[in-house]
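Please read these points with the model open.

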Amino acid sequence: MSLLQACGDDDERPVIWPPDENSPAVAMDVLPGTYPNRLDVAATELLEVAVLGSEVFDAKLIDARASQLGDSLGKVWVGAKEARAAKDVDGDGRLDAILAFPVAELTRQKVLTADSSMVRLRARTKQKGNFVGRDSLSDSRAPKAVLPAPKGPYKVGTFERAWTDTGRDEIFTEAAGDKREVMVRVWYPASVPAGAQPAPYFLQLHEAEFIADSLELPTAAFGLVFTNSFQDAAMAPGRERFPVVLFSPGYGMSRTLYSAVAEELASQGYVVAAMAHTYSAPVAFPDGRKLPQTVQVAEDEALNRKIQDAWTADARFVLDQLTALNTNDPQGRLTGRLDLERVGMFGHSFGGSTSGEACRVDARFKAGINMDGTFFGQPAAGATVPFLMLGAGRDENDPTWVTFSQNLKGPGYWARIAGAGHANFGDVQLLLPLVLALAPDFDPASVDLGPIDGVRGFVVSSVYPLAFFDKHLRAKPSPLLDGNSSDFPEVDLTVYAR
């Protein structure tokens with residue numbers, strides 16, 4: 001029987017595979033012990049794939065004869081050549097199944113190509129239960145982007161939640177009964193087994209493809225971005241309660257495109273919750289829905305105010321949800337581990353304005369940061385809590401920033417980064433080499449990336465938020481905020497001591 005016609009029964013009747021969405025998903029690790037997963041097809045005869053055991057899945061029961069590896073679309077499949085001795089590859093104390101697939105056949109059938117960034121697995125156990133999995137895999141010659149390794153003492157965990165505010169009608173649709181939905185991605189200090197593999201950049205494959213399409217990038221683009229966070233990892237051990245910071249992205253931008261700064265803060269002992277503001281950016285939900293951006297900021301003050309109010313309400317709602325998880329997290333991860341007396345907020349562009357508004361209207365937010373965003377709320381109200389304005393070094397100041405700084409009622413800071421553009425406050429600056437490799441005609445100026453080197457831009461745009469939150473949420477000394485620093489000559493810092 002051909003490997004492409006793998007069977008799971010002794011009478012060799014063909015396996016009837018249900019659609020992926022009808023089969024439970026399990027974790028898998030292509031090239032166990034290696035990360036990122038990069039394959040030199042010319043030098044590799046067999047590809048090892050580990051199927052990971054868990055509390056609810058006994059990987060030892062996998063039937064290798066009914067195990068197949070497929071392309072990212074699940075259109076072409078190749079059967080396993082053999083099963084190898086089970087071993088614990090992710091360090092969780094459970095044995096994991098090891099399947100070996102013939103690389104020559106994978107390439108011949110075009111499961112693996114120069115453009116591949118992931119593979120799918122479909123298999124079944126000896127009890128005839130079907131399951132599926134996926135993991136990243138790319139040619140060793142393909143371009144890639146690896147997020148900077150976090151510098152803090154903690155490993156980083158991550159998960160997502162879709163929350164519905166049942167007390168708030170959705171104002172950006174006309175459907176009767178629609179309630180406001182908010183997707184949230186959380187990064188947190190974690191405990192990670194030694195052999196665990198980091199999570200994909202986008203936790204949902206259909207969202208990765210959706211966002212890539214919206215940015216006019218190849219579908220597989222985000223599969224070539226590698227992170228430092230681990231999906232659904234356990235919370236860091238102990239009883240320490242960690243300060244919480246909410247994040248609001250730029251208008252039209254995905255929350256995931258700020259993963260690097262979130263990972264850095266989480267590694268330093270913060271719980272970071274990044275929001276997706278539905279209908280203000282493309283958003284995908286776990287149930288498969290893909291909601292496009294339908295509302296655009298414009299020269300319409302009333303509309304902008306309406307959007308600003310909705311985003312601010314999103315932030316307050318997310319903080320409510322985190323408060324509930326601190327009381328009783330169904331997963332047991334966050335229960336009692338959030339320090340809700342030390343809550344801050346930061347955001348980029350329109351999200352930075354949202355940070356200012358949230359700090360103005362909700363006393364639970366103790367400190368805020370606006371990263372290069374015009375204030376659409378009430379800049380003349382200033383801020384009563386410590387506030388950092390972190391902006392691109394423009395020749396002309398945003399008048400709303402001048403107004404806001406003149407009305408600060410607490411400690412304030414205005415840091416101007418020479419050489420930065422509006423897009424130098426997220427992952428875009430780090431992904432630029434990958435984007436240029438995939439789309440050579442891409443013009444960095446089209447998204448307002450400044451001439452500052454992307455890695456340096458990230459260092460600058462992450463070290464100041466960390467110093468600010470350390471000082472004003474943790475009462476830790478932060479000499480970086482005392483004035484200009486020789487370590488960061490591109491930053492001109494004005495301190496408002498009130």
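1. Start at Tyr464. Leaving aside residues up to four places away in sequence, Tyr464 touches Leu388, Leu390, Leu480, Leu481, Ser485, Phe488 and Val491. Contact here means heavy atoms within 4.5 Å. The model is predicted: local features need pLDDT of at least 70, side-chain atom pairs count only at pLDDT 80 or more, and totals for chains, interfaces and linings use all residues. Residues are numbered from 1 along each chain as its sequence is written, and side-chain values use heavy atoms, with hydrogens and water left out.

2. Tyr464 also belongs to the largest nonpolar core, which has 56 residues. A nonpolar core is a set of buried Ala, Val, Leu, Ile, Met, Phe, Trp, Tyr and Cys residues joined through side-chain atoms within 4.5 Å. Buried means under 20% relative accessible area, exposed over 50%, and partly exposed in between (1.4 Å probe, protein chains only). Phe222, Phe346, Tyr464 and Phe469 have the most contacts inside this core. Helix H8 (residues 454-474) gives the most to it, with eight residues. Helices (H or I, at least four residues) and strands (E, at least two) are DSSP runs, numbered from the N terminus.

3. There is a second, separate core of 41 residues. Val186, Val244, Val271 and Val343 are among its members.

4. How do H4 and H5 pack? Helix H4 (residues 301-327) meets helix H5 (residues 350-361) at an angle of about 65°, and their axes are 9 Å apart. Axes are lines fitted to C-alpha atoms, for helices over the stretch in contact, and angles run from 0 to 180 degrees between N-to-C directions. H4 and H5 are therefore roughly perpendicular to each other (the class runs from 65 to 115 degrees; under 35 is roughly parallel, over 145 roughly antiparallel, the rest oblique). On the H4 side, the contact residues include Trp311 and Arg316. On the H5 side, they include Phe350 and Glu357.

5. Ser349 lies in the loop between strand S21 (338-348) and H5. Its phi is near 55°, a positive value in a residue other than glycine. Ser349 counts as buried, at 16% relative accessibility.

6. Next, the open sheet. Four strands run in the order S1-S3-S7-S6, with antiparallel pairing. Two strands pair if DSSP finds at least two bridges between them. Strand S1 (28-30) and strand S6 (82-87) stand at the edges, each with a single partner strand, so one side of each has no neighbour in the sheet. From one strand to the next, the twist averages 25°. S1 is joined to strand S3 (residues 46-51) by three bridges. Val30 has Val49 as its bridge partner in S3.

7. The loop between S1 and strand S2 (38-39) holds Pro36. The peptide bond from Tyr35 to Pro36 is cis, with omega near -5°. Leu31 is found in that loop too. Leu31 is not a glycine, yet it has a positive phi of about 50°. Leu31 is buried, with a relative accessible area of 16%.

8. Last, the hairpin of S8 and S9. Strand S8 (residues 118-124) runs antiparallel to S9, and seven bridges join them. Arg120 has Arg134 as its bridge partner in S9. Five residues lie between the strands, and Lys128 takes a positive phi near 70°. Is strand S9 (residues 130-136) largely enclosed or open? Six of its seven residues are buried, so S9 is largely enclosed by the rest of the structure.
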